[in-house]
Amino acid sequence: MTDTSPAPGSLVGRNLLAGVEPDPAGDAGHADAPQRMGFFTDTSVCIGCKACEVACKEWNAIPEDGLELTGMSYDNSQGLGASTWRHVAFIEQNKPLGHAQTAVDHSDVDVFALAAQGSGTPPAEAAITPTTPAPEGAPSPDGRTELRWLMSSDVCKHCTHAACLDVCPTGSLFRTEFGTVVVQEDICNGCGYCVPACPYGVIEQRPGDGRAWKCTLCYDRLGAGQEPACAKACPTDSIQFGPLEELRERAAGRVAQLHAAGVTDARLYGEDPQDGVGGDGAFFLLLDEPEVYGLPPDPVVTTRDLPSMWRHAGAAAATLLGGLAAVFAASGRLPGRRR
Amino acid sequence: MGMRTWIQDWPVYRQLTGADPLGRGAAATSPTTRSLTPRTESADRVVKSVCPYCAVGCGQNVYVKDERVVQIEGDPDSPVSRGRLCPKGAASLQLTTGDARRHEVLYRRPHARDWERLDLDTALDMVVDRVLRTRAENWQQEDEGLRVNRTLGIASLGGATLDNEENYLIKKLFTALGVVQVENQARVCHSSTVAGLGTSFGRGGATTFMQDLQNSDCIVIEGSNFAEAHPVGFQWVMEAKARGAKVIHVDPRFTRTSALADLHVPIRAGTDIAFLGGIINHVLSGGHEFREFVLEYTNAATIVGEEFRDTEDLDGLFSGLDEEGGSYDVHTWQYEGASVQAASGKRDELYHERSGPGRNSSSSGGAESHGSGGAAISGEQHEDRTLEHPRCVYQILKRHYARYTPEMVEETCGIPRDVFAEVCRALVENSGRDRTSEFVYAVGWTQHTVGAQYIRTACILQLLLGNMGRPGGGIQALRGHASIQGSSDIPTLFNLLPGYLPMPHAHAHEDLDAFVEGVRTKKGYWANMRSYAVSLLKAYFGEAATADNDFCFDHLPRLTGSHSTYDTVLAQLEGVCKGYFLMGENPAVGSANAKMQRLGMARLDWLVVRDFSLIESATWWKDGPEIATGELRTEDIATEVFFFPAASHTEKSGSYTNTNRMLQWHFAAKEPDGEARSDLWFMYHLGRRIRERLRGSTDPKDRPLLDLTWDYPTEGPLAEPSAEAVLAEINGYAADGTPLSSYEQLTDDGSTSCGCWIYCGVYADGVNQAARKKPHTEQDWIAAEWAWAWPANRRILYNRASADPDGRPWSERKALVWWDAEAGRWTGHDNPDFIADRPPSYRPPEGAEGPDALSGTDPFIMQADGKAWLYAPAGLIDGPLPTHYEPQDSPVRNPLYPAQQRSPVRQAISSEHNRFHPSGGLPGSDVYPYVVTTYRLTEHFTAGGMTRWSPYLAELQPEFFCEVSPQLAAERNLEHAGWATLVSARGVIEARVLVTQRMAPLTVQGRTVHQIGLPYHWGPNGYSRGDAANELSAIALDPNVHIQEVKALTADIRPGRRPRGPALLDLLHSYQERAGVTEHTGTEVRG
């Protein structure tokens, strides 16, 4: 926060419900908040193993969610919900299978110098995998010219402007010092207002329990300096956890690298602070349109218009009151004085 | 709480007075939220462990609070896994603490309809009774006039999921009892690996380690679904890819591995030898081999004897076929000037001469005894270093593969020529001085009637390309159980003793010396085999083993042919085998021809099942498929069944050997609950009670038991034997009782003892080296101070070959180990797999033996000639060179040798419940027209015993399914997500249908071949249930190692669910009739 920022307590000039909001934690009353933390899920290296789903369930003791073979490729958990806080989507597509840029000369890469870094590439670089579409006229293995299998681990976006939080009447949903959005189950009364408020359809009430549940970005672990269970388990570092600023930089680099390698499909989703939710705390690198992955293309915080709605409501109320006053003044009889 | 605090604690007060004007942050926190502490933080202790699923060997941290395991997650210190876990590893908290686990002993009386409770002590005593009774009643002092000292009345199966120390006690106790039918999952998973790699290089283990994948320039994954079956190991493929490596996946299906590969090459299941042979031909005919490497480090220049005839000369047969017996006389395959000394060959020959034709003995598993010591050869070999002699190995190889053209590959494998060319190009471009390519395989290669030859083909190719012993090169065998490498090294296998010493055969050996002479090589470290054998006998029998009594060599029971797990099933059906131990293995689902497994068990007197839950192998007598069809009636079944709950990996200490020969210690986090016990506890106390019963016995058959060293210290309230004491015995002691540090210290005079010579050094200096956990962040990339790998903590085998003959790295980029002339030693990143001070220039004197006979340019120190074998003159019994044969059941005629459809020496065991299909276009072959291949999914594990009961995993893959192409779905009216029935001559099953383009029909010989994918994890018990894929598979085996062909079979598929009850058998039989299946179908040697 800069010196020019408004004094705490003042609501003036702050994008508390929509727009660019650089410090959601500070603006939620967390003095000396740590850096905002988040997820960068790079779906281009996801192997669809679902370790994230299981690690999440083990850590958070989430109940099993029903045994149903859906026929939706290898996706049998179907989507995020009260009992599925990480969800891996599987999309079988008729699109060219990615090909690595094998023509790139890397004979000058000293693998041992790289290896000497420890036991491998630093995690930040580990998931950087150049992948390009097959060149023109490349062999099609079996007459199928196009086939790819996209996998992507979805999660609560921990929006900068979180409608679930805005509408929660009990204070159960709150913004943490890490800038994440968490349900407090000891407070939630199961009113369910948050459910339709979420532009991503993430939060849900658990049948038989009634309360709303979703990813906490492992709030308890973060408090102890530990990374979320899903990110820790992820075998290929598809799920990366860290300070949001750092993740955004890394993601931008990754996209640039993929574009340079000819993977023009690569794009980020949810990283933009200017977007309808002020940017997501959990954002993604996708290889296709968001809709393909079941993600809304242009999400908007459903409470964006609350201030103007309040202003309109306020104006309407003032007008109403003014009108009433005028009526009473004209009649010479003030309310309350009637006896 | 004062009024002031109370008010301040009111969120609205905080909202109005604090910095959270909207009350959506700090002001809204509840006291519970403010006091949150993760249980990883509040745990009493963190215990270092290792994941119990596949053999990647991911490190785990086990968090314990109030003597309960509260969390299990990845250990960031591990250099292999770097803290990551797959879904199974991540679910191991549920595995170990979930309510699917049993904690009480159960007992089923003969003919009873249900279980009853029994206390542990009584049950164990009852098992002791039964073991002693069955052993006494079925004791064989002699077999056909030869001393065998054994009982075939008892068998044991399982060990790959257990600790090395547990396997050691299982093998030791059963051997002393005279039980030879001791087997584990290694038989059905990777036995062909040991034979294939062992005969080629001298050792049967993966030649490299997981992290080294990052150094590769091209990775060919074939016969493995790496990303799904070994997800955490796959991070190293992604590392390589990030550095620019090309990743190729050759597989019948487009899997999660293919999705991340640069190129997916669909292949017809069962044709990999043709594919790899095609690449060999490409390399040889184009002059792309790494000539100097090939010349110096392989047997390319060696001249083969004049009598040898290749398959090219004999229409698909090698010289020496005995058509009647269905086996080869291997004499003609020898080098020129060499006399036959092939250990396995000799034993087999003699066996056949004595036993006569008709008994399908095959080998006593000689090929697998090359797990750490190559096949023997003798005599002076002749060489032609110009490689031009028509009978030199190089020229024979060239001729042998000349017909493996791209056109032939296309005809056979269904791989278009341009795709094939792409693979050839990638491999050639990424091999040589500056670059290396690596092959990765798993059971997609091993589980064939020619499984060992699959592996051999890759060995030949990697040798020609010069990719062995070098960083980023080698052959990565991915094994699939936590310690399946360990259960091969310290074998719970019928044909092996610890350290790949062969079990003695009744016919071949009179005494220890004869036994040793029949096996050892003259040159290299396998020449010292007598030291390894004597030291083992000292470890087994202690002071009772003396030079005067041949170190109790005659205490060992003797083999007469194959006693593999499949032979055991036959023995059960014949009423020979009457008692059976299952220790963490579920053959009623996981072994080929699951029905025969169950029918075999139904003939037993007694069965002991040790597992976590009531797996199918424990309950078939009340709810198995045969009860449903009426083939068996519960009340008719006389088998007594004991169920003993097993301890989990968090409840016992011990070591697992991962897929890269690395022993990693896991520490017990807590005592097991209820009556659950470790297998170490079970074996130790079983042995202790048996020995107490026999105390004072003068019966000679009890002598081995009474002489056995069995005095392990016990600890804790449950009297758990000390696993570390067992490890120390495995490591071995010098005469003065100090722990040994190297197998080079072993002697053959009885002054040293060692329970497994290749593990000697794991307890060096009295320190448990397997328990070393120095974080990878504090070491170089090899991480040599994390745990301990055999041999001698070397991580890349044969790494002498990473340097040129003069000892200089082939290139700086690929430097690993080199000769330091000044220091007079080999040095480098890895521990040199060579004699430390032997200079490159050293040439052995005439008549030198053992390690002294190794020249400075012999990188393959376990081989009889110090060289890697392109051509195997000995060691395998189905051919010196790999050649393409069709699978036992195949819709296609062998395009390469139309006169020889299948391997002439495969083991096709035809019996009432194990019938084969008409193949290759013969009448009836269109009744079972589709190729079926079985596989694993990420979310489940083997036969499902450790995953189907876990809700978190079950919900991810809830049902048994088959994968078919849209074209096949249309052809057979299969509905996506509907049901299909699959029929083979062995069984009928149903599965949900996934129609997917990931299954591609292939064009082979101008016709379309459809393939069906079947994950084999399911069975009728557990939380997620389904039919078992192995109801369809047959017992058709590789003759070298008796592994079953389940990666390529045939079946029919039809829409809808299968019939229930006896109608199921009607359908099975109607298919058999329609196809004209008889007892002779598919059993012919020729044709």
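Predicted model: local features only at pLDDT ≥ 70, side-chain atom pairs only at ≥ 80, totals over all residues.
Next comes the overall build of chain B. Its secondary structure comes to 35 helices and 37 strands. The radius of gyration of chain B works out at 28 Å, close to the 31 Å that the globule rule gives for 1087 residues, so chain B is as compact as a globular protein of that length. Taken along the principal axes, the box filled by the C-alpha atoms of chain B is roughly 100 × 70 × 70 Å. As for how the chain meets itself, take the contacts in chain B between residues at least 6 apart in sequence: 75% of these join residues at least 24 apart.

Then there's the matter of confidence. The model as a whole scores an ipTM of 0.95 and a pTM of 0.93. Chain B averages a pLDDT of 95, and 97% of the residues score at least 70. Residues 340–363 of chain B are another story, with a pLDDT below 50. Even so, this stretch has 61 contacts in the model beyond near neighbours in sequence.

That leaves the meeting of the two chains. On one side are 93 residues of chain B, in contact with 78 residues of chain A.

Notes:
Residues numbered from 1 in each chain as written. Chains lettered and ligands numbered in written order. pLDDT = per-residue confidence, 0-100. Contact = placed C-beta atoms within 7 Å. Helix = DSSP H or I, 4+ residues; strand = E, 2+ residues; numbered from the N terminus. Rg over C-alpha atoms; globule rule 2.2 N^0.38 Å.
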